[in-house]
Amino acid sequence: MLKEDAVTPSDVPEDFLESNALPQVPLWDVFTTFVRVGLTSFGGSTQAWVYRAVVERRGWLNDEEFLAGTAVSQILPGANPVNISLYVGQKVRGWAGATAGALGMVLPAFCVIMIMAMVYRMLAQYPLTHFLLIGVATAGVGATLAAGIKVATRMERHWVRYLVGFAAFVAVGIMHWPMVPVVSVLAPVSVLLALRRAK
Amino acid sequence: MDSRLWTLVLVFAPLSVMSFGGGQVIVSDIQLQTVVVHHWFSNQQFSDLFAISRAAPGPSTLIASLIGWQINGYLGAIVATLAMYVPSSTIFVLATTMWHKHHGSPWRLAIERGLAPVAVGLIFASGVTVLEAIHMSNLILGIGTVAVTTVLLYFTKINPYLLLFSVALFYAAVFYLL
């Protein structure tokens with residue numbers, strides 16, 4: 001990535017400049033952003049906190065880039081939180097950014113889980129422990145819903161899109177069908193419909 | 001390298017490559033490998049590790065770190081974690097490199113527009129799935145917590161740690177008062 005710091009604007013192809021209109025994000029910022037996100041990600045709420053930190057607060061991605069990133073992160077192999085950190089890191093700083101993002105997501109969480117493993121047997125005897133964990137996980141669901149409502153209401157208003165979104169929700173959330181086949185069917189249909197509308 | 005460390009790599013690296021759809025899809029394979037194939041744990045020990053990985057923040061596949069730790073201490077934990085994340089992450093970055101290069105191209109915009117509603121549906125689905133898995137003992141408290149946190153996070157810029165800490169404090173109060 002040092003290479004990129006060294007080039008002058010005239011050497012940079014136009015589309016590159018366009019895609020990196022923002023001032024270059026320091027790798028340290030990528031790392032610390034995902035440290036913070038990683039340590040609040042209880043109850044599967046990672047994408048909600050990523051949305052808040054990366055789209056709303058820092059403006060590294062727009063809504064549609066973020067949504068495409070979450071979809072790709074879920075489909076490709078790997079843990080969703082790690083994949084979304086790779087996606088965002090790569091978008092802002094290439095390979096080095098992807099590495100910084102993933103390290104930020106995994107390292108602190110790794111330390112926390114080791115500490116929890118050491119104290120778990122001690123704490124697991126108390127019913128309060130389980131009750132608090134349920135509370136924190138429930139708050140994570142709130143974070144997920146709030147982010148979902150935000151992106152749903154900001155999405156281009158079109159009944160086909162609402163229908164596709166609802167179908168994805170029912171198939172995976174209510175029917176519990178495996179996600180990969182569901183997305184493999186819905187995504188191409190939705191992309192084709194988006195292409196037709198664009199014409 | 002120690003043969004136990006190699007075994008950890010051989011257990012987790014293939015699962016990492018196969019984890020299409022996220023970490024939760026390989027948990028049953030991790031159980032099969034560690035309990036049935038390698039006899040590292042009893043079912044009860046495995047479900048304890050699973051409970052810890054669910055309670056901790058971050059990806060659920062960090063259960064690999066716990067397993068590595070049990071098998072070969074801190075070195076085992078590090079090796080298992082790398083085996084869990086390096087293969088899938090390499091595939092992910094290679095696969096999305098082309099994607100990031102074509103910022104603003106028409107086909108990428110069409111894919112983004114097409115994926116967006118699917119992704120929104122999946123976000124709501126993940127919320128519902130977690131809610132089902134939580135096993136709330138008190139339905140009113142649970143729904144109230146979801147409602148209040150949703151509203152707070154939708155309308156305000158509240159600090160995430162402050163929010164999670166307040167919820168934990170509130171639950172502790174409820175626990176002792178009721």
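Colleague: How many residues does the contact take from chain A and from chain B?
Modeller: This is a predicted model, and the count uses all residues. Two residues are in contact if their C-beta atoms, placed from the backbone, lie within 7 Å. On that basis the contact takes 73 residues from chain B and, from chain A, 91.

Colleague: Which helix gives the most to the side of chain A that touches chain B?
Modeller: Several helices of chain A each supply at least two residues to that side, among them α3, α4 (46-57), α6 (80-123) and α9 (179-198). The list also includes α7 (127-154). With 23 residues, the one that gives the most is α7(A).

Colleague: How do the residues of that side of chain A divide into nonpolar, polar and charged?
Modeller: Gly counts as polar here, and Tyr and Cys as nonpolar. The charged residues come to seven and the polar ones to 22. The nonpolar residues number 62.

Colleague: What share of the residues in chain A is buried?
Modeller: A residue is buried if 20 or more other C-beta atoms lie within 10 Å of its own. Chain A has 199 residues. Buried residues make up 50% of them.

Colleague: What share of the contacts in chain A with a separation of 6 or more joins residues 24 or more positions apart?
Modeller: Take the contacts in chain A with a separation of 6 or more. Residues 24 or more positions apart account for 58%.

Colleague: At what angle do α1 and α4 of chain B pack?
Modeller: Helix α1 covers residues 3-18 of chain B and helix α4 residues 63-101, with their axes 8 Å apart. The crossing of α1(B) and α4(B) is right-handed. Their contact has 16 nonpolar residues, five polar and one charged. The angle is about 35 degrees.

Colleague: What distance separates the centres of domain 1 and domain 3 of chain B?
Modeller: Chain B is divided into domain 1 (1-101), domain 2 (104-135) and domain 3 (137-178). Taken over C-alpha atoms, the centres of domain 1 and domain 3 of chain B are separated by 32 Å.

Terms used. Residues numbered from 1 in each chain as written. Chains lettered and ligands numbered in written order. Predicted model: local features only at pLDDT ≥ 70, side-chain atom pairs only at ≥ 80, totals over all residues. Domains from an automatic or database assignment. Axes fitted to C-alpha atoms, helices over the stretch in contact; angles between N-to-C directions. Helix = DSSP H or I, 4+ residues; strand = E, 2+ residues; numbered from the N terminus. Left-handed = near helix turned anticlockwise from the far one by under 90°. Buried ≥ 20, exposed ≤ 12 C-beta atoms within 10 Å, placed from the backbone.
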